[in-house]
Amino acid sequence: SLSAAYPNPFNPSTTISYTLAHQANINLSVYNISGQLIQTLVNGERDAGNYSMVWDASLQPSGMYFLRLQTTDELHHQKLMLIK
């Protein structure tokens, strides 16, 4: 599952948390409003458990971004708002 990013809206960084019920190959990426890949935060195998990380968007322009968490079984999306 993908928890709500905090803070959101944010400037310039936000904390992203997710939980895996079982070991899985995951891809956690950020896309801009045009659907272009901005950054891949995690790509690979992870054990079951709780994870938390900080996305520093200080080099990105203000605007809406989409966080995408894809596992073998599930796909989650979340809107992020960067306000500078």
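How many bridges do β2 and β3 pair over, and is the sense parallel or antiparallel? The two strands pair in the antiparallel sense, over eight bridges.

## Before we start

This is a predicted model, where local features need pLDDT of at least 70, side-chain atom pairs count only at pLDDT 80 or more, and totals for chains, interfaces and linings use all residues. Residues are numbered from 1 along each chain as its sequence is written, and side-chain values use heavy atoms, with hydrogens and water left out.

## The β2–β3 hairpin

Back to those two strands. Strands here are DSSP runs of E with at least two residues, numbered from the N terminus, and two of them pair if DSSP finds at least two bridges between them. β2 and β3 make a hairpin with four residues between them. In that turn sits Gly35, with a positive phi of about 90 degrees.

Ile26 lies in strand β2, and with a relative accessible area of 1% it's buried. (Buried means under 20% relative accessible area, exposed over 50%, partly exposed in between, using a 1.4 Å probe and protein chains only.) Leaving aside neighbours within four places in sequence, Ile26 is in contact (heavy atoms within 4.5 Å) with residues including Tyr18, Val42, Leu69 and Thr71.

Thr71 is in the loop between β5 and β6. Its relative accessibility is 14%, so Thr71 counts as buried too. Again leaving aside neighbours within four places, its contacts are Leu20, Ala24, Asn25 and Ile26.

## The nonpolar core

A nonpolar core is a set of buried Ala, Val, Leu, Ile, Met, Phe, Trp, Tyr and Cys residues joined through side-chain atoms within 4.5 Å. The largest one here has 19 residues, and Ile16, Tyr18, Leu28, Leu41, Trp55 and Leu67 touch the most other members. β1, β2, β3, β5 and β6 each give two or more residues to this core, and β2 gives the largest share, four residues.

Take Leu67: beyond its neighbours within four places in sequence, its contacts include Leu2, Ile16, Leu28, Leu41 and Leu80.

## Aromatic rings

Rings of Phe, Tyr and Trp (its six-membered ring) pair if their centres lie within 6.5 Å; planes under 30 degrees apart are stacked, over 60 edge-to-face, and the rest tilted. The whole structure has three aromatic pairs. For Trp55 and Tyr65, the ring centres are 5.6 Å apart and the planes are at 70 degrees, so this pair is edge-to-face. Trp55 belongs to strand β4 and Tyr65 to β5, ten residues apart. Both are buried, and together with Phe10 they form one aromatic cluster.
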